[in-house]
Amino acid sequence: LGSGVLALSSGLAAVTDHPSMILPANILFLVLGVLSAYTFALYGRLCHATGATSLGDIWKRVHQTNDSTPMSLASFSFCYGSS
């Protein structure tokens, strides 16, 4: 939520200065927050179902392999590749 709150106001200011756009921007922010919460809930359910303690461990148990490199690369590319 920290960087999202700042990104919402600066992104809205970059696109428009019309006050009526605040409501659609907040709705979009809320939808993205709900999707993020759902994703974390799924991670928790997967950890509980597989007995895993991390995303890499989930990958290893679900795909029955000893290599969690694909999950590490996906996490890295999401954090650093999307900016």
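**Close-up 1. The largest pocket of the predicted model.** The largest pocket holds about 390 Å³ of space. A pocket here is an open set of points on a 1 Å grid over the protein atoms alone, where a 1.4 Å probe fits, with protein on both sides within 12 Å along at least five of seven lines. Its volume is the space filled by probe spheres set on the points, which are joined across faces, edges and corners. This is a predicted model, in which local features need pLDDT of at least 70 and side-chain atom pairs pLDDT 80 or more, while totals for chains, interfaces and linings use all residues. Residues are numbered from 1 along each chain, and side-chain values use heavy atoms, without hydrogens and water.

**Close-up 2. The lining of the largest pocket.** Lining residues, with an atom within 4 Å of a point, include Leu32, Leu55, Met71 and Phe78. Helix α2 gives the largest share, five residues. The lining divides into seven nonpolar residues (Ala, Val, Leu, Ile, Met, Phe, Trp, Tyr, Cys, Pro), three polar and no charged (Asp, Glu, Lys, Arg), with the others, Gly among them, counted as polar.

**Close-up 3. The aromatic pair of Phe40 and Tyr43.** The count comes to one aromatic pair (ring centres within 6.5 Å). Phe40 and Tyr43 lie 6.1 Å apart centre to centre, with 80° between the planes, which is edge-to-face (over 60 degrees). The two residues are three apart in helix α2 (residues 22–50, a DSSP run of H or I, at least four residues), so about one helical turn separates them.

How values were computed
Rings of Phe, Tyr and Trp (its six-membered ring) pair if their centres lie within 6.5 Å; planes under 30 degrees apart count as stacked, over 60 as edge-to-face and the rest as tilted.
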